[in-house]
Amino acid sequence: MAKDKIRRPRAETPKGFRDYFGAEVTARAAMLRRIAEVYHAYGFDALETSGVETVEALGKFLPDVDRPNEGVFAWQEDVEGAKPGDWLALRYDLTAPLARVYAQHRNDLPTPYRRYAMGPVWRNEKPGPGRFRQFYQCDADTVGAPSVAADAEICAMLADTLEAVGISRGDYIVRVNNRKVLNGVMEVAGVLDPSEPEKFAAERGIVLRAIDKLDRLGTNGVRALLGEGRKDDSGDFTKGAGLGAEQAEVVMGFMEARRDTAPETLARLRELVGGSAMGAEGVDELETIAALLDAQGMGPDRVVIDPSVVRGLGYYTGPVFEAELTFEILDEKGRPRQFGSVAGGGRYDDLVKRFTGQAVPATGVSIGVDRLLAALAAKGRSEAEAQGPVVVTVMDRDRMADYQAMASELRAAGIRAEVYLGNPKNFGNQMKYADRRGSPVAVIEGGDEKDRGVVQIKDLILGAQIAQNATLEEWKDRPSQIEVPRAELVARVRAMIEGQSS
């Protein structure tokens, strides 16, 4: 009788997820640190929340309009008895958890409350090239400040943050708009009727999500979504807002209202909102933001008023902003395109109200860290690959304690180091290991070196360069391996590593 075949699990990541290795993790940590430094300099405090929230706390502003497990990774808790368990979900963003935290701890927090948060978020959406279901965000928010001075500050901080992580001025632009202006335009044009709030909110959400896809789908794609709908390349159909052709053109005209200067753009927007009080209020707020940014030296090379920015999420109630990288990269087919958005945010004055029943003003921004890292790599500005540890080789198994002592001394001096823990029989394999680890230096001490009180220090970076390019004379003049007294191990290793970077 044949044995049943053992079915082994496939060793692969789930679709839409990926693994990150040494240098990638190190680069992200360095970027998070630089972003945190800017946020901290602006007076924001750190906050870390749970990766899991109740679906009720996350709210209905997500794509899961009808079902709690659409758009998020959700599950229902098992409980005993007749009462069903709570629906829980991995957090979709870092803003909804902030609203819950503020509502829960508002009596213990200062007002305004200024916080930043960093961590992974999860979205149960269709993955694609560069679009993952788990990714990092860096948020900064001010809760309890009704003045649009808070929005202007967020925009200025966003510009400073991009430059702090290595995006040069001229390679990005922060674009600012106001949801109230768009609502006013739609009101005046008869596109939507704010006297029917439920219908208004639902239809407005479809319109906003359509406009937010302008960069990806172009004007024809947005027009289709404003109308009956659109079928993508895979055959999937997205239902549209159901606007008539004239109504759709009104919305498209609003998106094209940007002019050469902020005053000209604002004047055009004031024309478009006509007699709408909500629209006029939105234009007034944009004028204030523009003046505050100008006072901080944030000129049009850094921040601009742009009516095409709407942000897709439905909880924004006023100013919205987006940071876009303006340089070109090549896509997977070798075609040039702009990199696009790496950060966005806005004002969401009704989010905390869901918990407390009281309106609490709030505004903030979220930076997509993984997209920023990809942008720097595409621009050739990513940091050099993380340097590996110094490798202390093993020439004699019985003297492992000596080798561990060397590594310990190096680490105590702030030098990353490890002892080779594979099979030491083949010394060549130890050198191959050091090469794969990106090690700058290898330390060698055989029995003869031990008896003479010396160690050999091999410069692996210089050795590789010499092997590739140097003449015999250069090889002799610049030896990649030196012998030094054992007592000078730390000082000579440090000098060799510093010489590599000079």
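## Basis of the model

The model is predicted: local features need pLDDT of at least 70, side-chain atom pairs count only at pLDDT 80 or more, and totals for chains, interfaces and linings use all residues. Residues are numbered from 1 along each chain as its sequence is written, and side-chain values use heavy atoms, with hydrogens and water left out.

## Overall make-up

The chain holds 18 helices and 18 strands. These elements are DSSP runs numbered from the N terminus, helices being H or I of at least four residues and strands E of at least two. Of the 502 residues in the chain, 45% are buried. Buried means under 20% relative accessible area, exposed means over 50%, and partly exposed lies in between (1.4 Å probe, protein chains only).

Among contacts between residues at least 6 apart in sequence, 68% join residues at least 24 apart; a contact means heavy atoms within 4.5 Å.

Two strands pair if DSSP finds at least two bridges between them.

Strand 3 and strand 4 (residues 87–90) run antiparallel and are joined by 3 bridges. Trp75 has Leu88 in strand 4 as its bridge partner.

Another open sheet is formed by 5 strands in the order 15-14-16-17-18, with mixed pairing. Its edge strands are strand 15 (417–419) and strand 18 (481–485), each of which pairs on one side only. Here neighbouring strands are turned by 25° against each other on average, direction ignored.

Within strand 15, Glu418 is the bridge partner of Val391. Helix 13 (residues 400–412) lies across strand 14, strand 15, strand 16 (441–444) and strand 17 (454–459), and runs at about 170° to strand 15.

## Helix 9 against helix 10

Two packed helices are described by the angle between their axes and the distance between the axes. Helix 9 (residues 262–273) and helix 10 (residues 277–295) pack at about 170°, with their axes 9 Å apart. Axes are lines fitted to C-alpha atoms, for helices over the stretch in contact, and angles run from 0 to 180 degrees between N-to-C directions. Helix 9 and helix 10 are therefore roughly antiparallel to each other, a term for angles over 145 degrees.

From helix 9, Leu266, Leu269, Arg270 and Val273 meet Gly279, Ala280, Val283, Asp284, Leu286 and Glu287 of helix 10. The residues of this contact divide into 6 nonpolar, 1 polar and 3 charged. In this division Ala, Val, Leu, Ile, Met, Phe, Trp, Tyr, Cys and Pro count as nonpolar, Asp, Glu, Lys and Arg as charged, and the others, Gly among them, as polar.

## The faces of helix 14

In helix 14 (residues 427–436), the buried residues are Gln430, Met431 and Ala434. Seen down the axis of helix 14, these residues fall within an arc of 95°, so they line one face of the helix. The arc is that of the directions from the helix axis to the C-beta atoms. On the other side of helix 14, Lys432, Asp435 and Arg436 are exposed.

## The loop at Gly190

Gly190 lies in the loop between helix 5 (179–189) and helix 6 (197–211). With a relative accessible area of 46%, Gly190 is partly exposed. Gly190 and Val250 are 60 residues apart in sequence and 9.7 Å apart in space, C-alpha to C-alpha.

Methods
Parallel < 35°, antiparallel > 145°, perpendicular 65-115°, else oblique.
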